[in-house]
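This report goes through selected features of the structure shown below, one topic at a time.

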Amino acid sequence: MPKNAMQEIEISIVTPMHNEEGCVREFHTRMTAALSAMNTTYEILLVNDGSTDCTEDIIRELSLNDPNLKGIMLARNRGQCTAIYAGIQESLGKYVVIMDGDLQHKPEEIPSLIEEIRKGCDLVSGRRTNRGESMIKRKLPSKIANYLMRTTSGCQVQDMGGLSCLKGKLARSMTLREGQHRLIPALVYTMGGSVTEVPISAPPRFAGKSHYGIGRSIDVLFDIVMLWFQSSFKQRPIYLFGRISLLMFMVASLIMVWLLYGKVFFGIHMGTRPPFMGAILLYLSSLGFMSTGFILESLANTYEAVMGTKTYQIREVVSQGIAEIPKDTDNK
């Protein structure tokens, strides 16, 4: 259904594109067919993440004849998460669907996600089944990462890194940092949102080469550690470092009490004993951890104050072949 400016857009499709010239046309054709069959208002936002092939040219060409397609051209390659975040912030839909552009997420399965989220939950995640990828390179790391994310966050979604649909207002209120697109269900859950999932298929990439590498598995591990930190201590560094500091202080104090007991009742000199030096080190470490907590707390407060600052710059937005320069050109 053509987009009517006077109508509320129900569905926004946000898809990052980096060197996907072999997939763009097929993605657009299948996505348009799937959404048109739903008889609803929609928009397709293709975010060109600094592609060096013909991806940008194809997006411009497609936008000439499709009023529902909006091309968002980032000034340079900033990574998948930033491209997703840029697309979300430009979206207008009641629901936002985040999906890859290589057609490993099937456009034909979007109706099942929309049907589920219309029931009232905040996020629906697509749980990939019968994945034909390498067990060692993709499936096993994914299983481990998802298990760790479920354990640290309490969110029971089985597959957090795939196709997802969430309420538009919620999506646009989130601030995503690099790598956090893999954690969106867990982030929504820790915010108090309701999450669920529906099974989806996992076809092979339509064309081109995968951008996934072993380095991403390492990055995911650090993301999980940060997720644990945020969910366990309510994004307050002082809670974590303060507890460590208090534990060290208590252990050092117990050692000192024991040494003083030996000094008073048995006349054992305490200043030259190894436990005395250990207690001093624990006191100093306790002070260091507490100081670190205060410093990180101050940095966290500063971040909260400036979190409205975007980490990307949109060079132009293309709709129906017409390029617009964003009003806010000061984003970095």
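Leucine 140 counts as partly exposed because its relative accessibility is 38%, a value between the limits of 20% for buried and 50% for exposed. The model is a predicted one. Leucine 140 is found in helix 5.

Leucine 140 belongs to a nonpolar patch on the surface, together with Ile144, Tyr147, Leu148, Leu221, Val225 and Trp228. The accessible area of these residues together is about 630 Å². Two elements give two or more residues to the patch: helix 5, residues 135–153, and helix 8, residues 214–233. Helix 5 supplies the largest share, with four residues.

## Aromatic pairs

The number of aromatic pairs is four. One of them joins phenylalanine 249 and tyrosine 283: the ring centres are 5.4 Å apart and the planes stand at 65°, so the pair is edge-to-face. Phenylalanine 249 is partly exposed because its relative accessibility is 41%. Tyrosine 283 is also partly exposed, at 26% relative accessibility.

Tyrosine 261 and phenylalanine 266 make another edge-to-face pair, with ring centres 5.8 Å apart and planes at 65°. Tyrosine 261 has a relative accessibility of 45% and therefore counts as partly exposed. Phenylalanine 266 has a relative accessible area of 59%, so this residue is exposed. Tyr261 and Phe266 form one aromatic cluster with Phe265.

## A charge over a ring

Tryptophan 258 has a charged group over its ring. The group is the charged end of arginine 273, which sits 4.8 Å from the ring centre.

## Salt bridges

The salt bridges number eight. One of these is between glutamate 56 and arginine 60, whose closest N and O atoms are 2.8 Å apart. Both residues are in helix 2 (residues 55–65), and because they are four residues apart, about one helical turn separates them. The two partners fall into separate accessibility classes: glutamate 56 is buried, with a relative accessible area of 16%, whereas arginine 60 is partly exposed at 24% relative accessibility.

Glutamate 197 and arginine 127 also meet through their side chains in a salt bridge, with an N to O distance of 4.0 Å. Here the bridge links distant parts of the chain, 70 residues apart: glutamate 197 is in strand 7 (residues 195–200) and arginine 127 in strand 5 (residues 123–128). Glutamate 197 is partly exposed, as its relative accessible area is 21%. Arginine 127 is likewise partly exposed, at 30% relative accessibility.

A further salt bridge joins aspartate 159 to arginine 128, with the closest N and O atoms 2.6 Å apart. Aspartate 159 lies in the loop between helix 5 and strand 6 (164–167), and arginine 128 in strand 5; the two are 31 residues apart, and the pair links distant parts of the chain. Both aspartate 159 and arginine 128 are buried.

## Leucine 183

Is leucine 183 buried or exposed? Leucine 183 counts as buried because its relative accessibility is 3%, and buried means under 20%. Its place in the chain is the loop between helix 6 (168–173) and helix 7 (184–190).

Leaving aside residues up to four places away in sequence, leucine 183 touches Met149, Asp223 and Leu227. Between leucine 183 and methionine 149, the C-alpha to C-alpha distance is 7.9 Å, while the separation in sequence is 34 residues.

## The chain as a whole

The protein chain has 10 helices and nine strands. Of its 332 residues, 45% are buried. Among contacts with a separation of 6 or more, 77% are between residues 24 or more positions apart.

Methods: Residues numbered from 1 in each chain as written. Predicted model: local features only at pLDDT ≥ 70, side-chain atom pairs only at ≥ 80, totals over all residues. Heavy atoms only, no water. Patch = residues over 30% accessible without salt bridge, like charges linked within 9 Å, V, L, I, M, F, W, Y side chains within 5 Å. Areas by Shrake-Rupley, 256 points an atom, 1.4 Å probe, with all protein chains shown as cover. Buried < 20%, exposed > 50% of the residue type's maximum accessible area, 1.4 Å probe, protein only. Phe/Tyr/Trp six-rings, centres within 6.5 Å; stacked < 30°, edge-to-face > 60°. Lys NZ or Arg CZ within 6 Å of the ring centre and 35° of its normal. Contact = heavy atoms within 4.5 Å.
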